[in-house]
Structures are given as structure tokens and as C-alpha cells.
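Dear colleague,

I am handing over the structure below, together with notes on what was found in it. Please read the notes with the structure open beside them.

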Amino acid sequence: MWLASGASALSFAGVLAATFSPALVLFATVVSRHPELVLLMVGAAFLWLCAMTVVAAVWAALVPARGALWLLVVYAALVQEACRWATYALFERLMAGLRAVGLQAAMPSPRSAARTVPAAVACGLGAGLMQTRVV
């Protein structure tokens, strides 16, 4: 039976901290301050997972077409772009719904860079953390 040494556990903790500290800092300073960005991050992660599930299902179903890898790459890119558009559409719908019920979101106007940059960070964190979790 192989037992892990204390040095390997310490090395693992160091690599883990170095890997996830930028994401934690971005989450703490940008995303966690706005509840709608937390929802966007979770939604982006879920839609990324849905896109990868659809691509994997098609890859498993199309056994004869596995020789043409370029076909899967094109299909996967189209599915991922569709999910990115769906993430944007859901975020805009969430913000419109918040404004409709009288809850003013803390985010600035819809087309300002002060709103799009934090939203992009939230989407990237969601998709990146889900990709890290899946792989």
C-alpha cells in the first residue's frame, strides 16, 4: 500500500493554491459583489456543461464520422457559440426582469464597459471553473 508523504501533500496544496488563487481573487473582487453576476457565473458554467454534453453525445452517436475530426471541431465550435449567445440572452432577460419588478441591479447601464467587463469575467470564471471540474 502506498502512503502519501507530507511533502507531496504540501506540494499538492501549493499547486492547488497557485492554480486557483487568480480565480478566487477575481471572484472575491468582481463577481461576489453583485448577486446577478453570481447567477451569471453559475448559468455560464451550466450552459458550458450542456454544450459539452451535446457535443459528446453527438461524438458517441456518430461512430462512422469519427475519422473526420474537423467535422466535430466545427460542430463543437457552433454549439459552444450558441451556448455563449444563450448565456448573453439569459443575462439580458434576467436584468430586464429585475428592472421590471422594480429591483434596480447594482450594475450600470446595459451597454457600458463598466457592466460588460464584470459580466465577461463572471462568464469566464463560470466556464473556466466548470471546465477545470470536468477535466
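**Surface, fold and interior**

The chain has an accessible surface of about 9000 Å², and 75% of that surface belongs to carbon and sulfur atoms (areas come from the Shrake-Rupley method with a 1.4 Å probe, and for residues only the protein chains shown count as cover). Please keep in mind that this is a predicted model, in which local features need pLDDT of at least 70 and side-chain atom pairs count only at pLDDT 80 or more, while totals for chains, interfaces and linings use all residues. Residues are numbered from 1 along each chain as its sequence is written, and side-chain values use heavy atoms, with hydrogens and water left out.

The chain has four helices and zero strands, which gives the pattern α-α-α-α when read along the sequence (helices are DSSP runs of H or I with at least four residues, strands are runs of E with at least two, and both are numbered from the N terminus). Of its 135 residues, 22% count as buried, where buried means under 20% relative accessible area, exposed over 50%, and partly exposed in between, with a 1.4 Å probe and protein chains only. Among the contacts with a separation of 6 or more, 65% are made by residues 24 or more positions apart, a contact being heavy atoms within 4.5 Å.

**The nonpolar cores**

The largest nonpolar core has 10 residues, including Ala 23, Leu 37, Leu 40, Phe 91 and Leu 125 (such a core is a set of buried Ala, Val, Leu, Ile, Met, Phe, Trp, Tyr and Cys residues joined through side-chain atoms within 4.5 Å). Helix 1 (6–31), helix 2, helix 3 and helix 4 each give two or more residues to this core. Apart from it lies another core, of seven residues, among them Leu 47, Ala 51, Val 55 and Ala 76.

Leu 37, in helix 2, counts as buried because its relative accessibility is 0%. The C-alpha atoms of Leu 37 and Ala 120 are separated by 9.4 Å, although the two residues are 83 apart along the chain. Leaving aside neighbours within four places in sequence, Leu 40 is in contact with Thr 87, Phe 91, Ala 119, Ala 122 and Cys 123.

**The largest pocket**

About 210 Å³ of space lies in the largest pocket; on a 1 Å grid over the protein atoms alone, a pocket is an open set of points where a 1.4 Å probe fits, with protein on both sides within 12 Å along at least five of seven lines, and lining residues have an atom within 4 Å of a point. Its lining includes Ala 44, Trp 48, Thr 87 and Ala 127, and the elements that give two or more residues to this lining are helix 2 (35–61), helix 3 (69–100) and helix 4 (113–134).

Thr 87, found in helix 3, counts as buried because its relative accessibility is 9%. Not counting residues up to four places away in sequence, Thr 87 touches Leu 40, Ala 44, Leu 47 and Cys 123. Ala 127 lies in helix 4, and its C-alpha is 5.8 Å from that of Trp 48, 79 residues away in sequence.

With best wishes

Notes. Points joined across faces, edges and corners; volume = space filled by probe spheres on them.
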